[in-house]
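Keep the structure open as you read.

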Amino acid sequence: MSKDDPEMTAQDVIAFMRLLDEHGIKVFLDGGWAVEALVGTGPQGFQPTRRHADLDIAVQHSDTVRIRELLAGRGYREVARADSWECNFVLGDAAGHLIDVHSYSFDADGKLVHGVPYPLESLSGHGSIDGFPVECIAPEWLVRFHSGYEVDENDYRDVRALCQRFGMALPEEYRKFVEKGDG
C-alpha cells in the first residue's frame, strides 16, 4: 500500500464503530485493525503498526441488511469482488474507504449454522483503537486465521506483533520471514 492509496485511519474506524453502536449493531474487529486494537498501544500512546486499506469486521448475519442501509446513506456501495457472497462482501465509498463484512449465524447452543466459519470462542477479544474500546477477534484466533494461505509481509508483521505481545510461538509458515532477516 503506497502513501497515496486511500486508507482506513483510526478515526475512520472509531467513527464507523460509533455509528454501528448507536444503532445497536454488535461488531467485532477482524484482520489488521483487530491486531491494532490488541497491540497498538505503547508508551507513546496509540501507534498503528502499519497503514490499512480496509476495515474487516465480523457481524451477525441478521445485521447485514441494516449495515448496508446505514452505509448506503453515507455513500457506500458494494465493491465487486470475485469471492463476494451473502456472508462476505466489501462496501466502499468515493473516498476509497473499504469495509470488508464477514457475517455469521449461531444457533442457541453457539453452533455455527450459516456464514463465515468463526468459532464462537474467537469472538472474545477486547482492545482499543486510540483509547476507544472495541471488541475483536481473540489474539490466538487472529494468529490461526493468518494461516493456511500464501502469507505476505503484512501478515507476518501482524502475526509477529500478536505473538510478541501475547507470548505465543510464531507459526512455522512465518519462519521464512525470520530467516530473511525480518524478525
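## The second largest pocket

Around the second largest pocket you will find M17, D21, I25, K26, V27, F132, P133, V134 and E135. A pocket here is an open set of points on a 1 Å grid over the protein atoms alone, where a 1.4 Å probe fits, with protein on both sides within 12 Å along at least five of seven lines; lining residues have an atom within 4 Å of a point. This is a predicted model, in which local features need pLDDT of at least 70 and side-chain atom pairs count only at pLDDT 80 or more, while totals for chains, interfaces and linings use all residues. Residues are numbered from 1 along each chain as its sequence is written, and side-chain values use heavy atoms, leaving out hydrogens and water.

The space in this second largest pocket is about 160 Å³, a volume being the space filled by probe spheres set on the points, which are joined across faces, edges and corners. Two elements, α1 (10-22) and β10 (132-136), each supply at least two lining residues, and β10 gives the most, with 4 residues. Helices (H or I, at least four residues) and strands (E, at least two) are DSSP runs, numbered from the N terminus. The lining has 6 nonpolar, no polar and 3 charged residues. Here Ala, Val, Leu, Ile, Met, Phe, Trp, Tyr, Cys and Pro count as nonpolar, Asp, Glu, Lys and Arg as charged, and the others, Gly among them, as polar.

## The largest pocket

The largest pocket has a volume of about 480 Å³. It is lined by 20 residues, and G32, R50, D54, D56 and D155 are the closest to its centre. Both α2 (31-39) and α5 (153-166) give two or more residues to this lining, with α5 giving the most, 4 residues. By class, the lining holds 5 nonpolar, 6 polar and 9 charged residues.

## How α2 packs on α5

The axes of α2 and α5 lie 10 Å apart, at an angle of about 25°. Axes are lines fitted to C-alpha atoms, for helices over the stretch in contact, and angles run from 0 to 180 degrees between N-to-C directions. The two helices are therefore roughly parallel (an angle under 35 degrees). On the α2 side, G32, V35, L38 and V39 make the contact, and on the α5 side D158, A161, L162, R165 and F166; contact means heavy atoms within 4.5 Å. These residues divide into 6 nonpolar, 1 polar and 2 charged.

## How α1 meets α3

Helix α3 covers residues 64-72, and its axis comes within 11 Å of that of α1, crossing at roughly 120°. F16, L19 and L20 of α1 meet I67, L70 and L71 of α3. This contact has 6 nonpolar residues, with no polar and no charged ones.

Terms used
Angles under 35 degrees count as roughly parallel, over 145 as roughly antiparallel, 65 to 115 as roughly perpendicular and the rest as oblique.
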